[in-house]
Amino acid sequence: MPTSSSSSLPLSSSMSSMTIKDGLLSAATWLASPNYNIRPNHVSIDAIIIHNISLPPNEFGACGADGLPYVKALFTNQLDWDAHPYFQTIKGAEVSAHLFIERDGTITQFVNFNERAWHAGRSSYLGRPECNDYSIGIELEGSDFVSFTAPQYETLAKVVAAIYVAYPKTRRHLTGHSDIAPGRKTDPGDYFEWSRLREKISDFSK
């Protein structure tokens, strides 16, 4: 298991050949979240869910007094609920994602892919409820109101291509949070360019 760290790996040439072994992404820094559990027996990992997140909303790179970015603090149950008025509205939330990709493309992994991260909430994909049971959740640092960055698309495409290799049943099952929880969630939002992502995934999957 990689050593826990509050930092993320910078973009480097090593990201061009991302691999997944024993549920861990080679290009990600590990920062363990307590917000996970075991996937149900006999359930295959066969979907990828894309989200966006920023804390406070629409602010990127914001950190607490300890230097830990607020998003990472949320996913590891270290968020100071008094640090910003918005945090009072989500006080006590216990959530996570498998991966978080920042604006510069750096990656942090919070939950082993083989475990069940708490990212989707009440949800349904192709008529199947409880998406957390069978999906991988990827959070992009962003919001519904701004474009995502070129490094994020580059990194995300490489990540998805690596997931396709490690978990082949996820192929053709790439979707957004808004699609599995319509009316409740809107991310990754109208600014997310699905065609751009799919083209890049195709390039990296050749």
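Predicted model: local features only at pLDDT ≥ 70, side-chain atom pairs only at ≥ 80, totals over all residues.
1. Residues are numbered from 1 along each chain as its sequence is written, and side-chain values use heavy atoms, with hydrogens and water left out.

2. Now to the rings, where Phe, Tyr and Trp (its six-membered ring) pair if their centres lie within 6.5 Å; planes under 30 degrees apart are stacked, over 60 edge-to-face and the rest tilted. The count is seven aromatic pairs. In one of them, phenylalanine 113 and tyrosine 167 have ring centres 6.2 Å apart and planes at 80 degrees, so they meet edge-to-face. Phenylalanine 113 sits in the loop between strand 7 (107-109) and strand 8 (116-117), and tyrosine 167 in the loop between helix 2 (150-166) and strand 12 (174-176), so the pair ties together parts 54 residues apart in sequence. Helices (H or I, at least four residues) and strands (E, at least two) are DSSP runs, numbered from the N terminus. Both phenylalanine 113 and tyrosine 167 are buried.

3. Back to phenylalanine 192: its ring and that of phenylalanine 148 have centres 5.5 Å apart and planes at 80 degrees, so this pair is edge-to-face. The partners are 44 residues apart, with phenylalanine 148 in the loop between strand 11 (135-141) and helix 2, and phenylalanine 192 in the loop between helix 3 (177-180) and helix 4 (194-204). Phenylalanine 148 is buried, also at 5%. Ring pairs join Phe148, Tyr153, Phe192 and Trp194 into a cluster.

4. Six strands make an open sheet in the order 3-7-6-11-5-12, with mixed pairing; two strands pair if DSSP finds at least two bridges between them. Strand 3 (29-30) and strand 12 are the edge strands, each pairing on one side only. Strand 6 (residues 99-101) and strand 11 run parallel, joined by three bridges, and leucine 99 stands opposite isoleucine 138 in strand 11.

5. Helix 2 packs on this sheet and touches strand 5, strand 6, strand 7, strand 11 and strand 12, contact meaning heavy atoms within 4.5 Å.

Key. Buried < 20%, exposed > 50% of the residue type's maximum accessible area, 1.4 Å probe, protein only. Axes fitted to C-alpha atoms, helices over the stretch in contact; angles between N-to-C directions.
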